[in-house]
Amino acid sequence: MTTNRSGIGELLLRERVISLAQLKNAQEQAQKSGKDLSYTLAKLGFTTENEMTRFLAEQYRVRVVSLEDYAFDPETLKLISRDHCVKHRLIPISRAGSTIVVAMANPGDLRAIDDIKFLTGFNVDPVVALEGAIVAAVERYYGVKATNQYADVMASFDESEMAMLDKSSPASNPSAAANASDDPAVKEAEDAPIVRLVNALLVNAIKKRVSDIHVEPYERVVRVRYRIDGMLVQEMELPKKLMNAVISRIKIMSNLDIAERRVPQDGRIKLKLGGDREMDYRVSILPMIWGEKAVLRLLDKSNLQLDMTKLGFDLKPLEDFQWAIHQPWGMVLVTGPTGSGKTTTLYSALSEMNTPGHNISTAEDPVEYNLQGINQVQIREDVGLSFAAALRSFLRQDPDVIMVGEVRDFETGEIAIKAALTGHLVLSTLHTNDAPATVSRLLNMGIEPFLITASLNLIVAQRLTRRICGECAQPLVVAPESLKDIGFSDEQIAGAKLVKGAGCKNCNGTGYRGRVAIYEVMRFNDAIRDLILQGVSTAELKAGAIRSGMITLRAAGIKKVLEGMTTTEEVLRVTMAD
């Protein structure tokens with residue numbers, strides 16, 4: 001059976017049913033639309049469905065079936081979902097032993113046949129039927145129901161969109177290969193349907209602006225979830241029988257040991273997508289009770305926002321932040337929970353300072369984005385390359401600017417502060433709730449108060465809130481009492497014109513599309529330094545910072561609500577009450 005898509009066109013041309021010009025026109029249209037040539041010829045009116053069916057039956061040596069009065073077997077219909085029938089333009093009509101008879105509009109579609117074999121476990125005996133009759137039969141026997149997400153993903157995937165940039169695999173080393181050579185899951189991972197499924201998951205995630213992909217094994221199913229705008233949503237459920245093959249395929253793509261299933265593994269996938277766009281996926285594999293879970297973090301450099309003025313800073317906090325990063329020495333700390341955009345803020349600062357006159361070194365775990373002109377070091381605790389060790393080496397490398405991925409302990413904090421005091425600008429992150437609480441965290445690590453006041457220029461606390469979808473935003477009325485409880489002032493309540501997304505196709509019905517950052521910037525001045533040296537509580541330090549002009553996270557969030565960027569629910573979700 002041939003898979004040559006032009007075969008039907010050549011047959012029609014040879015029998016003078018269509019002209020050469022019509023064939024070329026149909027081929028061009030088919031290439032643009034991604035549809036089969038036979039479908040396109042009928043659509044353009046160059047031939048009829050009856051002629052097409054006869055030609056297809058002749059070309060692929062299959063019989064023609066009339067579906068109008070066909071007696072379908074209900075048990076056979078259950079073997080293939082409605083969504084797969086719609087996607088591939090087919091319908092199962094009978095079964096005999098291990099073979100299922102499938103009526104197809106294009107019996108030469110080997111990809112469809114492979115998919116049905118893969119999903120049902122049966123051999124496929126194709127027959128040809130009118131496409132209109134297939135559509136009518138599917139509607140008649142399956143009815144109308146919600147679209148299957150698996151079918152949606154596969155239908156929207158075009159293999160020409162992507163290519164692997166690094167096809168080498170450590171799994172090819174002798175020990176791993178020997179252990180895996182007879183593993184059925186590994187062999188299945190190289191099968192076309194599994195390869196297409198995993199590729200489709202990766203490309204579909206990019207189209208949906210996903211930050212993380214979760215592939216989670218459970219007792220009976222494998223759940224796939226996407227994190228979109230900071231929230232996890234279920235994308236699809238896969239049969240449990242696919243689990244090992246899917247995970248093995250991810251391991252092969254990320255150069256991991258496909259034979260090792262007892263310990264966690266970390267890797268990276270690099271893809272090239274249409275044109276020159278490249279996408280990195282940071283892969284983490286973790287053994288669970290029902291199998292291995294894979295989490296893939298998408299790192300899209302093309303979406304990395306390095307323009308500081310577009311991050312979401314208000315005017316005064318932005319001026320304070322830019323003042324701090326352009327000081328000749330001192331420390332700037334960015335704080336917030338995981339996924340709050342700290343890395344983007346730091347990279348934006350580094351990008352602004354990245355000139356031929358600056359020697360910039362960073363210690364990161366992991367290095368998320370490669371930045372031209374910046375010396376980036378990947379932390380590897382297993383060989384002794386810790387943040388503290390990297391910092392010590394940096395100080396012998398004639399640095400101007402040092403970025404430390406995270407201050408995790410006293411040793412790292414002490415070296416970073418001493419670097420800031422000896423003529424270097426140091427940028428780093430901490431995990432704290434707000435800017436004033438960062439001081440308490442440093443004190444609890446064992447850093448002396450006088451070192452903190454002498455070295456710190458500024459602390460930024462930040463959060464990411466979901467942005468209201470611009471396509472379905474509509475006015476919202478909220479009781480003034482509720483707004484006052486959140487922290488709105490009487491003046492803000494009087495002039496408030498709030499909006500909320502109603503939900504549309506553009507935002508997948510959530511009412512949100514994209515995210516916007518809110519910032520709390522505490523610039524160190526003499527008043528704040530005096531409070532720290534006096535040993536005041538975090539609450540007193542916060543009150544003093546507000547008196548000095550600091551805008552809290554809650555207040556910054558309220559400002560974004562009033563500007564129509566986000567909602568009160570989002571601000572409440574990511575901030576604590578003052």
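Which residues in helix 8 are buried? Select residues 131-142 to find out; this is helix 8, a run of 12 residues. E131, A133, I134, A137, V138 and Y142 are buried there, where buried means under 20% relative accessible area, exposed over 50% and partly exposed in between, with a 1.4 Å probe and protein chains only. They sit on the same side of helix 8 because they cover an arc of only 155° around the axis, the arc being that of the directions from the helix axis to the C-beta atoms. From first C-alpha to last, helix 8 reaches 16 Å, close to the 16 Å expected at 1.5 Å a residue; the expected span is 1.5 Å times one less than the number of residues. Helices (H or I, at least four residues) and strands (E, at least two) are DSSP runs numbered from the N terminus.

The model is predicted: local features need pLDDT of at least 70, and side-chain atom pairs count only at pLDDT 80 or more, while totals for chains, interfaces and linings use all residues. Residues are numbered from 1 along each chain as its sequence is written, and side-chain values use heavy atoms, leaving out hydrogens and water.

Next, colour by pLDDT, the predictor's confidence in each residue, from 0 to 100. The chain has a mean of 84, and 86% of its residues reach 70 or more. Residues 1-6 fall below 50, yet this stretch has 18 contacts in the model beyond near neighbours in sequence; a contact means heavy atoms within 4.5 Å. Residues 144-148 also stay under 50, with eight contacts beyond four places in sequence. Where pLDDT is low, the predicted coordinates should not be read in detail.

Now select F55, in helix 4 (residues 49-60). F55 is buried, at 0% relative accessibility.

Move to L442. Leaving aside residues up to four places away in sequence, L442 touches L333, L430, I447, I452 and L456. L442 is among the residues that touch the most other members of the largest nonpolar core, which has 41 residues. Such a core is a set of buried Ala, Val, Leu, Ile, Met, Phe, Trp, Tyr and Cys residues joined through side-chain atoms within 4.5 Å. A second, separate core of 36 residues includes L197, V210, V222 and V246.

Finish at the cysteines. The structure holds zero disulfides, a disulfide being a pair of cysteine sulfur atoms within 2.5 Å. For C504, the nearest cysteine sulfur is that of C472, 3.7 Å away. C504 is partly exposed, at 22% relative accessible area, whereas C507 is buried, at 3%.
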